[in-house]
Amino acid sequence: MSLISRLFKWTFILGIVATIAILAVTWFYLVPRLPDVNSLRDYHLQTPLRVMSRDGKLISEFGEQRRIPLSIDQVPQLYIDALLSAEDENFYSHYGVDPKALLRAAVRMVQAGGKIQGGGSTITMQVARNYLLTLDQTFIRKFNEILLSFQIEQELSKKQILEMYFNKMFMGHRAYGIEAASHVYYGRSISELDLPQLAMLAGLYKAPSKYNPISNPTRSKIRRDWILGRMLKLNYIQQEQFEAAIMTPITARFHSLKPETSASYVAEMVRSELFDAFPIEDVYTGGYRVYTTIDSKLQDAAQLAVQTGLLAYDRRHGYRGVEKNHGPNVNAEEAEKLLNRTPVFGPLQPAIVRRVDEESAQLLLRYGQIITINFSDMSWVKPRLSINSLGRAPDNISQILSPGDQVRVRQADDDANVWYLSQVPDAQGALIALDPKDGAMIALVGGFEYLHSKFNRATQALRQPGSNFKPIVYSAALEQDFTAATLINDAPVVFNDASLEGSWRPENYSGKFFGPTRLRKALYKSRNLVSIRILREIGIKSAINYATRFGFKPQQLPRNLSLALGSASVPPIDVATAYASFANQGYQVKPYFIERIEDSLGKVLYQAQPTTVCPNCDYVRHTDDVDLDQSEDNQTTVINDVAIVALDQALDQEDAQQITELVRPVTHLPIAPRIMDERVNYIMHTILQDVVKKGTARKAKKLNRDDLAGKTGTTNDQKDAWFSGYVDAMVATAWVGFDQPATLGKNEFGSTAALPIWIDFMEIALKDVPQTQRQQPDDMVTIKIDEATGELARPGDASAVEEIFRAERTPKQMALPKTTGSDTSGKNQEAAPEQVF
């Protein structure tokens, strides 16, 4: 045997030995240490918390990684083609490793002096690296990749591997996965993108920062066009498509997450609630999807109503001046940078004045937009001297604006080219709308703009409700011996009470006294002195106990007669909850805002079980032998989630009518307890309707509805303005005030500051809600009474009015004949005030 033959033989033997040794090391050392590929079947992607409205609109998203996982069926085929062209053209033909690609990578490694280089990895190998291994570039890790890729291909389908890949990978600007990237770069779903855009996204995997179309549009276009060329070569697209696509400019720009409805205060409430229910580390990454009770249409209406109302209030009280001045020499580039760092508050955009002419001014907006505002649109711009006084109107625009001034502007509602000078209101507001049936929050606004102030006034602010509280006191009186016709003297009174820090001389706002006044009229005219006398008569303790039925906390209610005027400190949500009981005919409900919580796979983790109004319902207990899915053979019929179950003793009877009378309705939800006498609730409802028809809320008649009811509220020195109102299907409370309590102005009341907000909201909210007419309960009568005395009207009395009574409370005495010239009104009595100790 020649020397060459012997050398070849020993080389062959040594090669076999080396191969066996490598295989042995691989089997006994590397393979046992590899991660379990089966874990990929239950892989968990870090997915942000998403807060949704009840109609499926995005409210907010919480989490460091923006990710919206998709199934492969939701991804355009053109994108799959672009991805394979860029990353792994042999994906469907290899078994996890592409030998040719690995050989090219090995050559590059030799050329680089043994240093591990990128490239050569199939999509399967990248899945192995990103899901199961570290990203360190070492030889052992590369070898592990290869081994894992073979295992992955045995355990998972090609579709599953692709899904894991395009949902996992980082694509720049906090976007992980292709759907999040599509929203970041193009502001819409990947299913809506065209060929050049899909190719651009496919090019990001190689190096998200290097080929980023926002920071590096030139490199991004080169990479995109290369991918388009590969798609042409691999016959994924035709020549015409290729030529049209490469001529398309890069259109990507950064799109921040855009909520589909404005409910940031609700989103924060949800986030806080989840911190109490789930591990903190899971809240932002667990992929929870929270469906709230918020109706997106009504929420947007509420947000617009609050902002419009606060801007209107602010305009009535004059111009406070520019936000700041950057000097007349600030250049356009610097001004744009300043504006881009300044937040937008609701409809108010920041702007910097560039030039001022005689009748107009030119301003720079964010992102370089130039607008013009006219002096003719600035009639409201009078300097605020105090909350109650304005200065002289300026003669020209130069007395208002100068170059370099930073101000706020808003766009006209009906013309995108028209802009007005504005300012961020210094007063704040809140609006809460509930479903009276179960307390679901269907709209909630906690302030003018969440970015301006995160303090949620709807749930966190403790404010005096003023006359908004009076219906509680009056209802408590009606539950006792009072009627809507009971006369209470509207006359001056002085209280010497240590808890009130000395003498207290309450007055009506007008400063006048109207003598004996019927309870109904006293409420819809909001007479303070009558309210105090009623509270004194029924007792403070009794009134507080009654108020707690409506959800008010006893510790927030003062133990003195000022309670009658709403001196308690309560959040607006509690006021809205109380009025829900007026709207639902006297039942107690509890407000809630989370309908259900789902995990990342859509499994329901929590489902609300709200206390629900269901007249004449009984509870279904777990021990009850009731199956809501039984057939009619077992005497159960399901109608609108309420089961009608025939009682056992009726089953053998032939009289169908008797069986009908013996059935009882049942519900799986907790049943709301009754807290008001049904008849008292009906009387109070008609009084609150009078508030709209002829009382302090007459402005609401512009809604052209006969079923509106509610009450205004204004506190001492006009520090708080309220309106709470409802129809049977919806209740809403609006509040306006300063965060640090101060007067809103001598001409600001619930009817001027809060009621317009409520009207604007209800105009949209009630658009498709039919009017309802309540049916008068049994054991009630409507009779004519003497307007002045509340007694039975004499026959033929043309001035008599109708009043509603519980049957056992009807007046028994007939009014005396009226004498000519007599004055029974008691208007503006000048008698000495009653002293109460």
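## Helix pair H15 and H21

Axes here are lines fitted to C-alpha atoms, for helices over the stretch in contact, and angles between N-to-C directions run from 0 to 180 degrees. In this predicted model, helix H15 spans residues 470-479 and helix H21 spans residues 678-694. Their axes lie 10 Å apart and the two helices pack at an angle of about 140°. Angles over 145 degrees count as roughly antiparallel and 65 to 115 as roughly perpendicular; H15 and H21 are therefore oblique to each other. The crossing in which H15 passes H21 is right-handed.

On the H15 side, the contact is made by Pro471, Tyr474, Ser475, Leu478 and Glu479. H21 contributes Val680, Ile683, Met684 and Leu688. By class, the contact residues of H15 with H21 comprise 7 nonpolar, 1 polar and 1 charged.

## A mixed open sheet

An open sheet is built from 5 strands in the order E2-E1-E5-E20-E21, with mixed pairing. Strand E2 (58-62) and strand E21 (604-607) are the edge strands, and each pairs on one side only. With direction ignored, neighbouring strands of the sheet are turned by 15° against each other on average.

Within this order, strand E1 (residues 49-52) pairs with strand E5 (residues 289-292) in the parallel sense, over 3 bridges. Methionine 52 stands opposite tyrosine 291 in E5. Helix H11 (residues 264-277) packs on the sheet and touches E1, E2, E5 and strand E20 (594-598). The direction of H11 makes about 45° with that of E2.

## Proline 328

The loop between strand E6 (324-325) and helix H14 (332-340) holds proline 328. The cut-off for an exposed residue is a relative accessible area over 50%; proline 328 has 61% and is therefore exposed.

Glycine 404 is 76 residues from proline 328 in sequence. In space, the C-alpha to C-alpha distance between proline 328 and glycine 404 is 4.7 Å.

## Isoleucine 152

Helix H5 (residues 139-155) contains isoleucine 152. A residue is buried when its relative accessible area is under 20%; isoleucine 152, at 0% relative accessibility, therefore counts as buried.

Tyrosine 95 is 57 residues from isoleucine 152 along the chain. The C-alpha atoms of isoleucine 152 and tyrosine 95 are separated by 9.1 Å.

Technical notes
Residues numbered from 1 in each chain as written. Predicted model: local features only at pLDDT ≥ 70, side-chain atom pairs only at ≥ 80, totals over all residues. Heavy atoms only, no water. Helix = DSSP H or I, 4+ residues; strand = E, 2+ residues; numbered from the N terminus. Parallel < 35°, antiparallel > 145°, perpendicular 65-115°, else oblique. Left-handed = near helix turned anticlockwise from the far one by under 90°. Contact = heavy atoms within 4.5 Å. Nonpolar A, V, L, I, M, F, W, Y, C, P; charged D, E, K, R; others polar. Pairing = 2+ DSSP bridges. Buried < 20%, exposed > 50% of the residue type's maximum accessible area, 1.4 Å probe, protein only.
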